[in-house]
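Me: I would like a close look at a single part of this model. Please keep the answer connected and plain.

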Amino acid sequence: MLKTTVFEHLKNAMREKDVLSKGVLTLLKAGLDSAEKEKGAALSTEEEVAIVNREIKQIHQALEGAQTAQREDLIAQEEAKLVLLKKFLPAQLSEEEIVTMLTEAGVTKGMNMGDAMKIAKPLLAGKTDGGTMSKVVKSLI
């Protein structure tokens with residue numbers, strides 16, 4: 001389970017006095033614990049990946065703000081957080097692999113974007129980020 005892995009990394013970060021990792025992992029663990037408590041049962045792999053993706057999305061937003069403000073110190077910090085969180089995601093598919101999967105699943109030229117996304121989202125959940133998925137779907141339809 002991802003929660004156990006995160007907790008082990010958190011313990012190591014605390015031992016090594018790695019403040020950045022400790023902060024990121026504490027937030028991730030809290031998100032996982034909260035979702036598990038809310039559900040009342042252990043989280044599935046897809047649900048855990050969704051929580052990691054949610055944290056990544058928040059860091060992307062903070063990174064955009066830091067870039068707008070031209071704060072190099074914050075940019076480096078947010079990028080380090082992204083690298084750390086991406087370690088907890090399953091291997092991400094390349095655009096070519098996504099095209100192949102979507103084509104095999106029935107996404108074709110002239111298809112409605114909504115219909116294409118209904119096929120793509122469950123098929124690619126946790127295997128790619130939403131931006132890449134949208135970009136590939138748009139190129140196919």
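Which residues line the largest pocket?

Reply: The model is predicted, and what follows should be read as computed from it. The lining of the largest pocket is made up of N53, I56, K57, H60, K86, L89, Q92 and D129. The volume of this pocket is about 200 Å³. Sorted by class, its lining holds 2 nonpolar, 3 polar and 3 charged residues. Helix α3 supplies the largest share of that lining, with 4 residues.

The helix itself is the next thing to describe. α3 runs over residues 45-68, 24 residues in total, and spans 35 Å between its first and last C-alpha, close to the 34 Å expected at 1.5 Å a residue. After α3 comes Q70, with a positive phi near 55°. Buried positions on α3 are E48, V49, I51, V52, E55, I56, I59, L63 and A66. Among the elements that cover these buried residues are α1 (2-15), α2 (19-39) and α4 (72-86).

Charged pairs complete the picture. The whole structure contains 8 salt bridges. One of them joins the side chains of E36 and K3 at 2.7 Å, N to O. That pair connects distant parts of the chain, since E36 lies in helix α2 and K3 in helix α1, 33 residues apart. E36 counts as buried because its relative accessible area is 18%, under the 20% cut-off. K3, at 23% relative accessibility, is partly exposed. A salt bridge also links the side chains of E47 and K39, at 2.8 Å, N to O. Both ends are partly exposed: E47 has a relative accessible area of 29%, and K39 has one of 42%. In a further salt bridge, the side chains of D73 and R71 meet at 2.9 Å, N to O. D73 is partly exposed at 45%, as is R71 at 38%. Finally, salt bridges with shared partners tie K3, K29, D33 and E36 into one network.

Note on methods: Residues are numbered from 1 along each chain as its sequence is written. This is a predicted model: local features need pLDDT of at least 70, side-chain atom pairs count only at pLDDT 80 or more; totals for chains, interfaces and linings use all residues. Side-chain values use heavy atoms; hydrogens and water are left out. Helices (H or I, at least four residues) and strands (E, at least two) are DSSP runs, numbered from the N terminus. The expected span of a helix is 1.5 Å times one less than its number of residues. Buried means under 20% relative accessible area, exposed over 50%, partly exposed in between (1.4 Å probe, protein chains only). Contact means heavy atoms within 4.5 Å. On a 1 Å grid over the protein atoms alone, a cavity is a set of points where a 1.4 Å probe fits but cannot get out, and a pocket is an open set with protein on both sides within 12 Å along at least five of seven lines; lining residues have an atom within 4 Å of a point. Grid points are joined across faces, edges and corners, and a volume is the space filled by probe spheres set on the points. Ala, Val, Leu, Ile, Met, Phe, Trp, Tyr, Cys and Pro count as nonpolar, Asp, Glu, Lys and Arg as charged, and the others, Gly among them, as polar. A salt bridge is a side-chain nitrogen of Lys or Arg within 4 Å of a carboxyl oxygen of Asp or Glu.
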